[in-house]
Structures are given as structure tokens and as C-alpha cells.
Amino acid sequence: MPVSVVWFKRDLRVSDNRALAEASRGPHPIICLFNLEPERLERNDVSGIHIEWELDCARELGKSLGELGGKLLFNFGNVVGKLSEIHAQYEISSIFSHEETGLNWSWNRDKSVTKWCKQNSVSFTEYPTNGVIRGLRSRDNWKSKRDARVVSQLINPPLVIKSPKDLKSDIIPESKDIGIESRMLVDRPNPGEKAAISVLFSFLDERGRKYRSGMSSPITGQQACSRLSPYISVGCITIRQILYYTRRKQKKVKINPRSAENRGWTSSLSSFQSRLAWHCHFIQRLEFESTMDEIAINPELDEHLQRVQDKDRYQAWAKGQTGWPFFDACMRYLTATGWINFRMRAMLQSVASYTLWLPWQDTGMHLARLFLDYEPGIHWSQVHMQSGVTGINSVRAYSVRKQSEDQDPDGDFIREWVEELGSVPTEFIHEPWLMNLEQQELYNCIIGKDYPKPIVDEKSSRKEGVSKSYSAKGKPDVRKRSSLVYEIHGSRKRRN
């Protein structure tokens with residue numbers, strides 16, 4: 001008897017899942033498939049924490065499918081090979097899935113499945129994901145299309161999933177069981193769709209009240225930020241779901257916005273919705289340019305900048321040993337937890353590209369491996385922006401000293417994550433190298449021994465990087481490319 005296959009990629013949920021819903025309306029039994037491609041383990045942007053997170057979320061997906069009568073197969077190998085195996089046993093009539101906006105490797109994988117389906121007379125339907133529009137010809141049309149999609153009606157999970165009677169679910173292995181090494185993360189979130197919904201409600205019930213004022217600091221951001229990004233990255237929850245509940249909260253607040261219960265919510269909910277729109281905007285860039293991990297969207301500009309790899313600078317940057325306390329605290333916090341707030345992500349990349357003049361490809365890969373919530377479309381768009389290789393964005397070179405004083409004025413975050421400075425008083429915590437030797441001995445922190453000296457003069461190096469960037473940005477060939485980049489990628493609400 002023919003079957004339908006629901007191929008789960010980065011859509012590990014049963015609710016608001018059109019592929020699953022459409023397959024359930026069909027006449028055939030359903031086989032659910034989650035496939036892990038071995039080639040991913042060889043990629044420089046992938047680390048064990050990504051794979052372990054996906055496997056854990058897939059395990060939760062298997063439980064949810066089982067509650068509906070569904071069966072989830074797992075394959076660690078080539079997806080076309082697995083589809084061929086299923087086809088030989090059951091005869092696949094249709095495959096349902098979601099579009100994935102990714103780098104070249106996933107695009108090539110999807111094309112190989114399309115080719116296999118044509119060769120075997122199998123229907124293959126991919127449904128849109130969030131607010132990314134496939135086949136879009138101009139950004140002039142993007143916003144209206146995106147907005148219409150993300151406010152459309154949520155899709156309920158099927159009441160029951162009919163599976164082949166002889167089919168049994170596979171046990172989703174632990175990452176270590178398939179030879180994947182992963183670092184232990186501090187306070188890693190619980191995996192899966194149910195956990196994602198719980199985190200969303202905790203944000204909309206109370207944590208999000210201080211979102212607008214608290215999201216810029218790595219201290220307050222730990223609670224004030226939504227913390228939904230790891231779930232969005234593997235599709236445990238959709239932008240449409242998040243926006244639905246956010247707008248519902250917004251309607252309640254509008255009834256009496258100045259009440260004690262609702263005070264602070266109006267601006268925070270507005271800012272949050274704006275960030276949801278930016279989420280889709282940046283991934284749309286990758287939909288146009290699937291090589292953003294290798295090639296700048298303004299290659300002429302990148303060529304003029306001529307950044308060079310410096311091993312010592314790179315290692316100090318990557319390990320949080322630059323000698324700039326706040327920067328090092330942020331890098332070490334990210335390494336330990338797999339997360340840090342958006343502004344600090346921008347600072348980490350900006351310092352690499354402007355102050356240390358390191359190639360964005362190398363530093364971008366390192367950060368990709370550190371982020372539990374690694375989303376290629378957002379990550380590489382931000383790497384390009386914070387490295388100044390788009391030609392259409394402002395030069396944003398973050399001052400470590402300013403961010404340190406603004407976001408951690410008392411130095412508590414620094415002392416927590418840079419233990420070498422645990423005894424240093426607030427007077428010197430932002431620039432400990434200003435202490436004389438007697439003070440260094442008093443506070444048990446000898447600069448150059450217990451804690452490194454600044455790897456370069458931060459202020460002068462940053463200014464030099466900014467100057468080089470502006471000079472390159474003004475070149476005729478760069479300006480010509482920048483106009484084209486804006487036509488394709490520029491953010492705009494109205495027709496250009």
C-alpha cells in the first residue's frame with residue numbers, strides 16, 4: 001500500500017506544521033522521517049552542541065508524534081538513500097516537507113531529493129517557513145508578503161496520524177552513540193516543542209515586561225530576552241505562533257496600558273515584534289545568497305579591505321584572552337552557555353573585524369560553533385554587517401570600554417566570568433592594566449601573568465579599522481556593487 005512521507009528538517013514540532021497537517025488529510029498512511037546528514041559533521045560552522053540539541057528536540061518530537069499515533073524514523077546517513085529504502089518497502093506516493101533556507105550544502109541536498117522524486121514519480125511538496133519568501137524577485141514586495149504570512153491562521157496538529165501497521169519508531173540516539181563529541185553547556189534550555197511554548201509563555205507572562213530596557217545588557221538580557229532562539233533555529237516553534245500569542249498579549253495590554261499589571265509592556269511588545277520582523281528579513285538575505293559563509297555580499301568591498309589572519313590575535317579573541325575584561329567576560333560566557341544577547345554578539349564580531357582586523361570568515365565560523373541557536377541566515381547576515389562588508393549598512397565599530405561601562409558599570413559580570421579579576425575593585429575593573437604593581441599584588445592580579453595585557457591598543461586600533469573601512473567603502477567599484485546589494489537586500493517598507 002502506498003505511503004506518504006513527512007520529512008522533518010528544521011521543523012521539529014507537530015503544531016503549526018503544514019507538512020504534517022496536509023499529509024494527514026491524504027488517503028495514505030504516514031511515515032515520519034528525521035534524517036541527520038553525516039556531511040554536516042565535517043562542516044566548519046557545525047559543532048556537537050548543534051547536533052546534540054537537534055537530536056534531543058527530535059526525541060521530544062517522537063514523543064509528540066507517538067501521542068497521535070505517529071511513528072518517527074531516524075536515519076544517520078544520506079537522505080536519498082533512506083528514501084530509496086522506504087520506497088522499496090512501502091512505495092512512496094508523496095513527500096511533504098518545509099522549505100529550508102540554508103547554505104549551499106542543504107540547498108544541494110534538497111535538490112537531490114527533488115531529482116530523486118522526479119526519477120521515481122514521487123510527488124514532493126515543500127511549504128514555506130516563517131516569513132521567508134522563496135522565488136522573490138524584488139525586496140519591494142517582501143514586507144507585505146511576509147506580514148500576510150506570519151499573521152495567517154495557525155495550523156492545528158492532526159487529531160490522529162495513521163501509520164503503517166508494521167512500522168515501529170526508531171530510538172533517537174544520544175549524540176555520543178553516533179560518535180559526536182559535544183561540550184557541556186551551563187543552564188542549557190530544555191529541548192522540544194512543549195518546552196518552547198513554556199518559554200514563550202514565561203516571557204509573555206512576566207519576563208518580557210523589561211525586554212526593551214533589558215535586552216542590551218548580558219546581565220539583564222538573560223531574563224529580559226525571550227530566549228526562544230534555540231527553539232526557532234530547529235523549528236520547535238514558528239514565528240507565526242510567537243506573533244499570535246504576542247499580539248494576543250498586546251490586545252490585553254491595550255485595554256488598560258497604564259495599570260500596574262500592564263505598565264512597561266507596550267514598548268517592550270512593540271520592540272519584540274520588530275525583532276521578529278528582522279528575523280525574517282535577515283534570513284531572506286540567505287535565501288538570495290546561499291554562499292554567505294564564504295563570499296561577502298559585497299565582494300569588491302571585502303577585497304579592498306584586505307584583512308589578514310593573525311594567529312595570536314585570533315586565539316586571544318576566540319578564547320576570551322584579549323586583555324579587555326568585558327569582552328573576555330562576554331566570550332567566556334558565550335562559550336559556557338551557548339547564548340549571549342544580540343548587542344554583545346555584534347560587539348564580539350565588530351571587535352574581530354575592526355579592532356583586530358581579522359577575516360570575517362574565520363571569526364564567523366568560530367561564533368557559529370559557539371551559538372546553540374545558530375541560524376545561518378541571521379548569523380551570516382550579522383557577520384557581514386558587523387564586519388562592514390555589505391556596503392549598505394553603517395560602519396558600527398563597538399568600543400569595548402563604552403560597552404563595559406554601559407552594560408556592566410559595577411563590573412559584576414566581569415568578575416563572575418573572568419575569575420582572574422575577582423578581587424579587582426570597580427575603580428580598575430574595566431581597565432585593570434592601569435593599576436600599579438603594588439595594587440596588582442594587593443588584588444592578586446598581575447597583568448601579563450595572571451591576566452593578559454591588552455592585545456592591542458583598543459581605541460587606536462578601532463579607529464584605524466574604521467578609517468580603512470570608510471576608505472574602501474568609497475571606492476567606485478564598491479559603490480556600484482552597493483547599489484545592487486541594496487536592490488536585492490535593502491530593508492524597505494515601500495516600493496523602491
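Me: What makes the crossing of H3 and H4 right-handed?
Reply: In this predicted model, H3 passes H4 in a right-handed crossing. That name applies because the near helix is turned clockwise from the far one by less than a right angle. The residues that touch are Val79, Val80, Leu83, Ser84 and His87 on the H3 side, with Arg109, Ser112, Val113 and Trp116 on the H4 side.

Me: Happy with that! Why are H3 and H4 called roughly parallel?
Reply: They pack at an angle of about 30 degrees, with axes 9 Å apart. Angles under 35 degrees count as roughly parallel, and therefore H3 and H4 get that label.

Me: How do you know which classes of residue make up the contact of H3 with H4?
Reply: Sorting the residues by class gives five nonpolar, three polar and one charged. Arg counts as charged, while Val, Leu and Trp count as nonpolar.

Me: And what makes S3 and S5 edge strands of the sheet?
Reply: The five strands run in the order S3-S2-S1-S4-S5, in an open sheet with parallel pairing. Strand S3 (72-76) and strand S5 (123-127) each have a single partner strand, so one side of each lacks a neighbour in the sheet. On average, neighbouring strands are turned by 25 degrees against each other, direction ignored.

Me: How do you know that S4 and S5 pair?
Reply: At least two bridges are needed, and S4 (residues 92-98) and S5 share five, in the parallel sense. Among the residues involved, Ser97 has Glu126 of S5 as its bridge partner. Helix H4 (residues 104-119) packs on the sheet, touching S1, S4 and S5.

Technical notes:
Residues are numbered from 1 along each chain as its sequence is written. This is a predicted model: local features need pLDDT of at least 70, side-chain atom pairs count only at pLDDT 80 or more; totals for chains, interfaces and linings use all residues. Side-chain values use heavy atoms; hydrogens and water are left out. Helices (H or I, at least four residues) and strands (E, at least two) are DSSP runs, numbered from the N terminus. Axes are lines fitted to C-alpha atoms, for helices over the stretch in contact, and angles run from 0 to 180 degrees between N-to-C directions. Contact means heavy atoms within 4.5 Å. Angles under 35 degrees count as roughly parallel, over 145 as roughly antiparallel, 65 to 115 as roughly perpendicular and the rest as oblique.
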